[in-house]
Amino acid sequence: MQNKKVISTEKLYDAQKSFFASQKTLSTAFRIQKLRGLKNEINKREKDIYKALYLDLRKSGFEAMTSETVLVEKEIAQMIKMLPLWNRPQRVKSSLINFPSRDYIIPEPYGNTLIISPWNYPFQLALTPLVGAIAAGNTAILKPSEFAPHTGKIIKEIISAVFDHEHVAVIEGDAKVATELLKRKWDNIMFTGSTSVGKIVAKAAAEHLTPTTLELGGKSPCIIDDSAPIVITAKRLIWGKFLNCGQTCIAPDYVMVHEKIKDRLTRELIFQIEKSFGKNPQESSDYGRMIHKKHFEKLKSSLKDQKVIYGGATDDKDLFFGPTIVENPDLNSNLMQEEIFGPILPIITYSKENEIHKVMENRERPLAFYVFSKRKKFINQLFQRYSFGGGVANDSIIQFANDNLPFGGVGHSGMGAYHGKYSFKNFSHEKPVIKRSFWFDLPGRYAPYPKSLSLLKLLLKNL
Ligand code: NAD
């Protein structure tokens, strides 16, 4: 049913409350039917989605497919396949203290959910959380980012073609709209965006004690020791850094490289940039653009007083910001204090391993952590020492693609995780229930209680 008429937020919110109360979303078959509908509609609108992503971010068809639509379709396919298994009571071992009993965990939807999404992967980061919310049997209101309006419009059209508004609806708008939405009482909120807005969302959620998932950002380091093979390391690093013009939450933010290979690595990084995007990346159909002027200007000013050893070309009319490499930046500069979220790669040189720690200490926990090395011990030590959302040895970004892994941050890079089974769990309350029978009770359970506790203690500790 198409949802064409304009409905006030108030009415939408009440309609979703009543719809959830009707218990229609409790049926696995209903959820699967809706997810199938969503998959078909996405397929049908694929070209329109690519076009919108091009208009919003100058995304190439390749990036639009590999980092947006395919990931959503994969997520839906997994939910459809696994839902009959995941959405049923799981029997767990009973405690002899309760003998005889049967114990279960029943996944139940939270209820009415709110999803707020960012602009950098505006299709995928809006739809993937939504798929989890629907699969787990919730209703959802989705607010996409105002900075990717073409994609926001397509998302709204797709959702209203598949869902009744009382089940799932899209509300377009800016921070003001999000602020109004956050004043209401939700049963679950999922927010993807900056750490600063994440704090605002967490405060609003705390008002109603609403469980909240925060998918935030941070400065994700990339450590390269002298055993790393130069060519393949440079290729994988350049790909991860300049995908979507560096506007990727898990992009390597800065590099720490051993001084022995720094010069060779830098030459290869430049070679790989030019191999990927040519000598003039502004003309490359595979190189994106900055999302808006404010972000463009912020990046430009972060280069002030830095030693730019490659790139630095910009064109504000086109929001073009060329791939740029900065050498040994001041660790207290804005470039090294704030998440870059753009096509600037600072390279810091180290000679002893404890110098890595000097750069890393006192920094907030990042969303991603990368290390390139052939030394297993070095990799394992770093993975153990530092806390981060997710890590990869000898590649970048790929952690996002495996839905058997939870995706999420820790500390300032976020809380909670999703993708695949983790999404289903994230949007479900795991409700434990015990079914007892009437025929037996442990002796001494009821008052007047036994006076000697030693036998009872022994019994209870060993049951
Ligand atoms: P943002 O925080 O500015 O905006 C995200 C969403 O929040 C948008 O829908 C926006 O309208 C809304 N919003 C803005 N101000 C608000 C307010 N005061 N109250 C309530 N809602 C508000 O983030 P962005 O610029 O869209 O995205 C960039 C950030 O997101 C980066 O920090 C990046 O690392 C992070 N990010 C994280 C992930 C992840 O999966 N962890 C993914 C993508 C982006």
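A nonpolar core is here a set of buried Ala, Val, Leu, Ile, Met, Phe, Trp, Tyr and Cys residues joined through side-chain atoms within 4.5 Å, where buried means under 20% relative accessible area, exposed over 50% and partly exposed in between, with a 1.4 Å probe and protein chains only. The views below come from a predicted model, in which local features need pLDDT of at least 70 and side-chain atom pairs count only at pLDDT 80 or more, while totals for chains, interfaces and linings use all residues. Residues are numbered from 1 along each chain as its sequence is written, and side-chain values use heavy atoms, with hydrogens and water left out.

**View 1. The largest nonpolar core, with Leu38, Leu127 and Ile224.**
Among the 84 residues of the largest nonpolar core, Leu38, Leu127 and Ile224 touch the most other members. At least three residues of this core come from each of domain 1 (9-216 + 415-430) and domain 2 (221-408), the domain bounds being taken from an automatic or database domain assignment. Leu127 touches Leu38, Ile42, Val72, Ile155 and Ile159 when residues up to four places away in sequence are not counted, contact meaning heavy atoms within 4.5 Å.

On a 1 Å grid over the protein atoms alone, a pocket is an open set of points with protein on both sides within 12 Å along at least five of seven lines, a cavity is a set of points where a 1.4 Å probe fits but cannot get out, and lining residues have an atom within 4 Å of a point. Grid points are joined across faces, edges and corners, and a volume is the space filled by probe spheres set on the points. The second largest pocket holds about 300 Å³ of space and is lined by 16 residues, of which Thr66, Ser67, Leu71, Leu243 and Ile397 lie nearest its centre. Helix 4 (61-86) and helix 5 (124-135) each supply at least two residues of this lining, and helix 4 gives the most, with four residues; helices (H or I, at least four residues) and strands (E, at least two) are DSSP runs, numbered from the N terminus. The lining comprises twelve nonpolar, four polar and no charged residues, where Ala, Val, Leu, Ile, Met, Phe, Trp, Tyr, Cys and Pro count as nonpolar, Asp, Glu, Lys and Arg as charged, and the others, Gly among them, as polar. Domain 1 and domain 2 each contribute at least three residues to the lining of this pocket.

The structure holds three cavities of 30 Å³ or more, and the largest cavity has a volume of about 80 Å³. Its lining consists of Leu71, Lys74, Glu75, Gln124, Thr128, Phe400, Ala401, Asn402, Asp403 and His419, with helix 4 and helix 5 as the elements that give two or more residues. Helix 4 gives the most to this lining, with three residues, and by class the lining residues divide into three nonpolar, four polar and three charged. Because both domain 1 and domain 2 give residues to the lining, the largest cavity lies between them.

Asp253 lies in the loop between helix 9 (230-242) and strand 9 (254-258), and because its relative accessibility is 3%, Asp253 counts as buried. Leaving aside neighbours within four places in sequence, the residues in contact with Asp253 include Gly218, Lys219, Ser220, Lys241, Glu338 and Glu339. Asp253 is also one of the residues that line the second largest cavity, among them Gly218, Lys241, Glu339 and Phe341. This cavity has a volume of about 50 Å³, and its lining has four nonpolar, three polar and three charged residues.

**View 2. Ala133 in helix 5.**
Ala133 is placed in helix 5 and, at 0% relative accessibility, counts as buried. Although Ala133 and Ser423 are 290 residues apart in sequence, their C-alpha atoms are 7.6 Å apart in space. Apart from neighbours within four places in sequence, Ala133 is in contact with Thr113, Ile115, Asn138 and Phe427.
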